[in-house]
Structure formats: C-alpha cells, structure tokens
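I opened this entry to look up the ligand site and the metal site. My notes follow the structure.

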Amino acid sequence: AAKKLGRNRWQFYESTMNDAALERLRIEGALRKALERGEFVLHYQPQLDLASGRIVGMEALLRWQHPELGTVPPQRFIGLAEETGLIVPIGAWVLHTACAQARAWHDIAEPGGFGPLRVAVNLSARQFAQPDLVESIAQVLADTGLPPACLDIELTESLFVDDVAQAVDTLHRLKALGVALSIDDFGTGYSSFSYLRTFPIDVLKIDRSFMADIASDADEAAIVISIIALAHNLKLRVIAEGVESAAQLEFLRAHGCDEMQGYHFSRPVPAEEFERIVRSGRTLAPAAVSAPELLC
Ligand code: C2E
Ligand code: MG
Ligand code: MG
Ligand code: MG
C-alpha cells in the first residue's frame, strides 16, 4: 500500500509539474498558430478632437478571433506573448496592419472633409527593446506609404525605468523618423516627472482610472485638471481615455483637454464598422460657443 501511495504521489507531483509547463507550451503553440492562421484582428477606437467634435484618429487594439473561444481580449494573452517573445512577430503584424489600414482610410473622402486620420499603436517592452525597432518601423512606413506624422507610438512609463540612457536614445531615433510618441496610461506608472524634461514626448494619455469620478469628485477633477495643465505647459497634446459619459466629456472640454476616446462616442470596433462611422460623417456635437449665462 505504501509503495502504491508513493507511486501515486510521484505521479501527482509529476503531473502538476507538467501541467504548468504544458499549459504554457500549449498557449505558446496556440499563439504561434493564431499568427500563422490569421486569427488576430485589429479593432479601432475613434479619437476625437474635443473643440471641433471630429474624428482625428484611432487607436488600434488587438483581438484574437479564436475559432472556439470567440473574441479573446488582449489582457488574456499579451502577457504570455510578451514572456515567450511572440509579441515581437505579433507586434510587427499589428504595426504593418494598422499603418496599411490608416493609409487606406486616407483615400476616403468623408463628408466632413477631415484631415488625414492618425493611427495609434501600442508597443510592448519587448518590442521597445528590439535592436532593430526603429529600422522596422521605418520599413513599415516605407512599405505602406503612411506619412510618419500619422503614426502615434504608444509607450508606457514602465519602459523607461530599466535603462534610461538606452530608452532616450531609442526615443530620439523614433522621433527622427517623424512619428509621434505618446505616454499611455499616464499617471499610473512609477516614473518621476523628470523624464518629461529629457524625453522627446508629444502626447500624454490620461489613464482612464482618473476619468471615473471627474464630474463629481473634487480630487479626481484636480488630478485631471493638473495633468492637462502639465501637458500644455510642456507643449504636449493631451488625450483623455475611458470617457463614458456626457458629463465627463463636458468637463474635459471645459478644462481644455485636446482629444478624447471612450465608450461615450464608440467602443473599439472592427475596421468595416470604423469605416462606416467615418463615412457617415458622425461626430460629437461641437463645443458650445455661447457662454451659458447668455442663454437665459
Ligand atoms: P490601452 O492601450 O490603455 O487601451 C485602452 C483600453 O481601454 C482598451 O482595452 C479599450 O478597449 C479600453 N477602453 C476604451 N474606452 C473605454 C471606456 O470608455 N471605458 C472602459 N472601461 N474601457 C475603455 P483593450 O482593447 O482590452 O486593451 C487593453 C490593453 O491591452 C491596452 O490598453 C494595451 O495596453 C494592450 N494592447 C491592446 N492592443 C495591443 C497591441 O497591439 N500591442 C500591445 N503591446 N498591447 C496591446
Ligand atoms: Mg493604448
Ligand atoms: Mg491606456
Ligand atoms: Mg496600456
């Protein structure tokens, strides 16, 4: 009996060891196949200029169209793609697809006569550390014909903590291509403000966690007002993300925020649907021009 129990124990131990490793291998294999089979898609979320109410760009957001699981959100697989290094080929596909799509949309003559739409692409730490990052982005721009100024590279503050000198060098080389650089999820990272002085950044994206109570909570409101002022004093563009209500929108307008994206206007949508929104000329109502006290 002791022998039998011992063997069962061993088998149990062995099988749990294998489970974790196997699970990772399974997911890695599945991600690799997903890339080969074309199961990744990009959804696009409109970014609007708050003063004019017009769509000025979109953020490309990755989804995995799994044959059995349906649409898998990035939070479920980006971490593993990052750990296994698969984020590098996946990210290359994202960049190429987003730039080609943005370029194609430049040819749509919309009723509102918007300028060329910009596209924002998220970059992971692993991608940012690739020695050939700048060359590969230059190649994508050349291949797709997208004007560099129409590409917005989104980075998070966490990318800057490891090797600051290296990060500054990469950012300057990216800047030299003519692309715009954004800090995503601004306000949630560990960074000090000092990098804003030395890094060639163009855009701050206020994290959506600050949006929730801006219209009702004085502290949240103060933080958002301060980030907008900080951005403008540094001559940066500022985008609010996660705008879900008219009250939040009006607050951001009243405090001079430049752009916004959020469910209030649109969720991230498939390319065909984004195209329909643009073609239909759908916009936000422009900011009210008359002072409220003159209305009554
Ligand atoms: P993120 O770059 O901060 O993207 C914004 C996220 O907020 C998106 O989630 C978007 O769907 C969501 N969102 C937008 N408006 C609202 C709103 O009004 N309310 C709420 N509650 N949420 C809103 P999503 O698409 O699930 O992406 C999550 C994160 O995954 C992204 O955060 C980004 O960090 C990462 N990610 C997405 N696509 C890529 C990619 O192609 N490459 C890399 N490296 N990361 C990606
Ligand atoms: Mg982003
Ligand atoms: Mg964000
Ligand atoms: Mg993020």
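**Ligand 1 and its contacts**

I looked up Glu 244 and found an N or O atom of its side chain 2.5 Å from a nitrogen atom of ligand 1. I count a polar contact as a pair of N or O atoms within 3.5 Å. The protein covers 86% of the 800 Å² of accessible area that ligand 1 has on its own (Shrake-Rupley method, 1.4 Å probe). The model is predicted: local features need pLDDT of at least 70, side-chain atom pairs count only at pLDDT 80 or more, and totals for chains, interfaces and linings use all residues. Residues are numbered from 1 along each chain as written, chains are lettered from A and ligands numbered from 1 in written order, and side-chain values use heavy atoms, without hydrogens and water.

I then checked the oxygen contacts of ligand 1. A polar side-chain atom of Asn 122 lies 2.8 Å from one oxygen atom. For Asp 185, a side-chain N or O atom is 3.1 Å from an oxygen atom of the ligand.

**Shell**

I found 22 residues around ligand 1 (a heavy atom within 4 Å). Among the nearest are Arg 63 and Tyr 263. The shell divides into eight nonpolar, six polar and eight charged residues. β2 gives the most, with four.

**Metal site**

Which residues hold the magnesium ion (ligand 3)? I find Asp 184, Asp 185 and Glu 241 as protein donors, at 2.0 to 2.7 Å (N, O and S atoms within 2.8 Å of the metal, or 3.2 Å for Na, K and Ca; water is not among the atoms, so sites may look incomplete). Their sequence spacing is D-D-x55-E. Asp 184 also coordinates the magnesium ion (ligand 2), 4.1 Å from ligand 3.

Conventions
A polar contact is a pair of N or O atoms within 3.5 Å; within protein, one must be able to donate a hydrogen and the other to accept it, and residues adjacent in sequence count only if both atoms are side-chain atoms. Helices (H or I, at least four residues) and strands (E, at least two) are DSSP runs, numbered from the N terminus. Ala, Val, Leu, Ile, Met, Phe, Trp, Tyr, Cys and Pro count as nonpolar, Asp, Glu, Lys and Arg as charged, and the others, Gly among them, as polar.
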